[in-house]
Amino acid sequence: MNFLKYTGIMILVIFAMSCKKDSNINNTDETANLTLVKTITNGTHNINLYTENGKLQVGYNKIFLQLKNTDGSLIDNAQVSWRPLMHMMSMQHACPYSTIGKVAGKTALYEGYLVFQMAGNANEYWELNFDYTIGNTAYSANTKIEVTEAAKRNLVSFVGTDNVRYIIAMVAPKNPKVATNDMQAMIFKMQDMLTFPIMDGYTLKIDPRMPGMGNHGSPNNVHLTQSGADKTYYGKLSLTMTGYWKINLQLANAIGTIVKGEEVSGTNESSSIYFEVEF
Amino acid sequence: MTTNLVLHNLIYILMKRFSKYTFVFILAPFSVYAQQENPIDSLKQIQLSSVVIVGQQHVANKKVKVLSSLDSYLESNSAINMIKRGAYAWEPLLNGMATERSVVTIDGMRIYGACTDKMDPVTSYVEITNLSRANIHSGQSGAANGATIAGSVDLVRRQSGFGNKAFRGSVFSGIETSNLQKIAGSALQYSSENFFTDVDITYRDANNYKAGGGKEVLYSQFTKYNLSAISGYKIDTHQQLTASIIYDRALNVGYPALPMDVSLAKALITSVQYDRHLERAVADYWQTKLYYNEVTHIMDDTKRPIVPIRMDMPGWTKTAGYYSKLSGELSHHTWTANLSGHYNKSVAEMTMFSNDPNEKDMFMLTWPGLQTLYNGLFLEDKFHINEHWNALFTLGSALHYNYVESNFGYESLKIFYPQMQRSKARWLKNGAIKMNYNKQKWQLSFGTGYGERAPSVSEGYGFYLFNSSDKYDYMGNPHMVNEKSLEFNASASFTTPMFFIKAQTNYFRIFNYIIGISRPDYIPMTIGANGIKIYGQLPAATIFNASVLFGSPIADGLQWTGKMIYRKGSSGNLNLPQIQPFGYGATLKYQYQKYIAEIGMDGALAQTKYSPAFGETPAGAYTVFNIAVAKQFDFAKQKLVLKAGVENLLDRYYSTFADWNRVPRMGRNVFVNVVYGF
């Protein structure tokens, strides 16, 4: 009898869950597996900001957006742009950011990325400004956003020997495994306080090490280079065990000159620029 | 054929010839009652084998030190060396080759050790008190239970067999001074017309031993429990069913030669066997066994005060298998066909705990949940050509299949081998021919064989396995081809009532020889390691073994035996590791009524052909002396056997080629063994 009872309840629950899904197909389906960071409102529209973990952190942030009318209906014909701005005590600056486009295959979900170089604090904060048009009407919205420190270093910012200020952000792996991981990174230049173009033609050399294991390293890593039209840098990152890894970096320009970073050797345990992963 | 513990057998022949007391005496402690109707398999073995097999005689009886370890017993065979990493669980080398190249079985059962550092060889799961004999086959004649290069060692357990209704047993105890080893146990036997049971329990507990000169060898302690039970049921005069179990549990085992110890080594070994006599001579005997065993091995460094990093290294293996053996005779042929197979899964893990408590634990799979499926057919035919000549042919073929079950493990290995396939199938072949000649005082034999083997779990799929001898991390290599061996062997013996001598030699030319090859471009994992070695293959390597055994009765009750052994292993300029230098030994034994006294000497010349590339330092020359006495007291229905002796009488500090990292051997050790039979 009990078996029947529980089976019945389970069937009901499953049925109820599937009904719920059906009725909200527009709102939730496209943001399944995403977590809401914040809803920004300007009285006319609401902009929902999503990331995978619901947080904005230092480093590369892949961000998804939905625009909604105040009645909750989704807007699928907007042209959206954004401008991040850091309000520091003494100055203001932006960060590397992408344009915003529709997610392929989705009807009303937009995407872009923001690469924060620093976290906010009590006196300094990030602001995100949106400009968008629907039809021929232009709108704007803005909000303060909370950017927190990442648990491990996933961004380096430095002045190279060529006097260029670089920002390099690790995009992947987000969930590293004991395996040969696909690694991705983006390389930007800080042209001025508000302009951060992507740099092309560089090589990001990697040397993953475990400082806690006598600087153990792994074989068959592939340095990151750009491939095709995509501006992202791709490579292979071998991690032979779980734990804390320091991915030592060297940035080489198109002619092979190292503009920052030192080779790891018996006498040099670490490069001055590195990412970290721990899993 | 079986070079069945040649030395002891020859001693036995001598004894039988010259001392009518001997036979009774050496049978004394455990199985004096065992000469009943034998289980049909051992009857068969005697028929099949041209070599003396001492039936049901207990192995322990061959040594004055009854309760010595199985390891030291095996070591007395000239084909075997034991690699010592401590006082316990030595690794048998057969014909100068380590366990990857041999097949070690218990009653024909395949068992995979669960330790990536070979700290639990199969031999560690049998107690000497359970053992009836060890069948040692050199080279391809040993391929019956699995593909091999060096040969096979089959540990055959004692069974009392069917007979008149009786309940008998013995209790035994021993103590040794060097490591305060305490030994206690009991062997019980029940037999009747169609049922028998043997149950043995042995307990050993030892502290650290002392090397010659009295220096304590730290981390050489161990505690071990072993339970073995065999039960047989006679269905009718032609059919028999036997079930057996071994439960072995070793705790707190120190390995002074290694950076880690073992907190637990546990094995459960079970089998069911069906024997049947068939009516026709052409196929007159059929034996089938199903078995299952599992081994757990937990390495532990908590007893070591200073380590670069704390770690846990557990390993597990599970093996299920069968064999089905049919034998018979047809005119001048005596033949056996053995179909055997097994499935194994081997998993080993390593978790390192960072010295920075905020960092996460470091985990890797050192054996990737590797599955092995093996199925082979082995044929043996002994052709009786004429009165003087016979020929032994063996032919075998097997399929060997590996599959990496764990995703984690597969992804790990793909770091090194991006193109690696998850599974790999191999076809293994073997064959041998041996001619035997017998005429009066002379027995001659010569033969040749060819065999192949697949890489072992570690050689094929190991992941950062640290070798504390050469201090390299070893990586398995799944892309290796089969190792192949061409062997030649010859032996000659001359026996007269006043003297015997037996010379044996074999030569292995091994192609695609599997060995660790240094890769300076890879970064080691273990803190302080010298580098990484990837298992690879040398085009060819050569191993040569030679031994001479001799003996003579000097006077009534007094006899003398001696031995000399030499091995050589090389590939080009490279000396292979763990190859025995010239070794020698001699024993003088005196028997009078129920007394026996023995003085023995063992030694070796300095090792000159050692292998620095594999972390070896030359072992020096040594000679050690042992003495022992024994006396048997007979009561009405009971008997008491008292044995005592001193090993390494002169308290010599020494270390041999077989001592891992040259850990010194035991210094002077006084032992007393008492066996009370009822």
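## Chain A at a glance

In chain A, 54% of the contacts with a separation of 6 or more link residues 24 or more positions apart. A contact here is a pair of residues whose C-beta atoms, placed from the backbone, lie within 7 Å. Of its 279 residues, 35% count as buried. A residue is buried if 20 or more other C-beta atoms lie within 10 Å of its own, exposed if 12 or fewer, and partly exposed in between, again with C-beta atoms placed from the backbone.

Some ground rules: this is a predicted model, where local features need pLDDT of at least 70, side-chain atom pairs count only at pLDDT 80 or more, and totals for chains, interfaces and linings use all residues. Residues are numbered from 1 along each chain as its sequence is written, while chains are lettered from A and ligands numbered from 1 in the order in which they are written.

The pLDDT is the predictor's confidence in each residue, from 0 to 100. Chain A has a mean pLDDT of 90, and 90% of its residues reach 70 or more. Residues 15–25 of chain A are another story: their pLDDT is below 50, and the stretch has zero contacts in the model beyond near neighbours in sequence.

For chain B the mean is 89, with 91% of residues at 70 or more. Over residues 1–62 of chain B, pLDDT stays under 50, yet the model has 142 contacts beyond four places in sequence for them. Where pLDDT is low, the predicted coordinates should not be read in detail. As for the complex, the predictor gives an ipTM of 0.85 and a pTM of 0.87.

## Where the chains meet

The contact between the chains takes 20 residues from chain A and 22 residues from chain B. On the chain A side, β13 (179–189) and β15 (216–217) each supply at least two of the residues that touch chain B.

What classes of residue make up the side of chain A that touches chain B? There are seven nonpolar, eleven polar and two charged residues. For this count, Ala, Val, Leu, Ile, Met, Phe, Trp, Tyr, Cys and Pro are nonpolar, Asp, Glu, Lys and Arg are charged, and the others, Gly among them, are polar.

## The cores

A nonpolar core is a set of buried Ala, Val, Leu, Ile, Met, Phe, Trp, Tyr and Cys residues joined through C-beta atoms within 7 Å. The largest one has 170 residues, and those with the most contacts inside it are A:V115, A:I168, A:A169 and A:A185. Take A:A169: leaving out residues up to four places away in sequence, A:A169 touches A:G59, A:Y60, A:V115, A:N154, A:L155, A:A185 and A:M186.

## Strands side by side

Two strands pair if DSSP finds at least two bridges between them. In chain A, strands β11 (residues 155–159) and β12 (residues 165–172) run antiparallel and are joined by five bridges, with A:S157 opposite A:I167 in β12(A). The two form a hairpin with five residues between them, and A:N163 in the turn has a positive phi of about 65°.

Chain B has an open sheet of four strands in the order β4-β3-β6-β5, with mixed pairing. Its edge strands, β4 (109–110) and β5 (131–138), each pair on one side only. Strands β3 (residues 102–106) and β6 (residues 151–157) of chain B pair in the parallel sense over five bridges, and B:I106 stands opposite B:L155 in β6(B).

B:T288 sits in strand β13 (residues 285–300) of chain B. Why does B:T288 count as partly exposed? Because 15 other C-beta atoms lie within 10 Å of B:T288. Not counting residues up to four places away in sequence, B:T288 touches B:Q273, B:Y274 and B:S324.

B:M311, in strand β14 (residues 310–330) of chain B, is partly exposed because it has 19 C-beta neighbours inside 10 Å. Beyond four places in sequence, B:M311 is in contact with B:D301, B:M350, B:T351, B:M352 and B:F353. B:S192, found in strand β8 (residues 181–192) of chain B, has 14 such neighbours inside 10 Å, so B:S192 is partly exposed.

Definitions and conventions. Contact = placed C-beta atoms within 7 Å.
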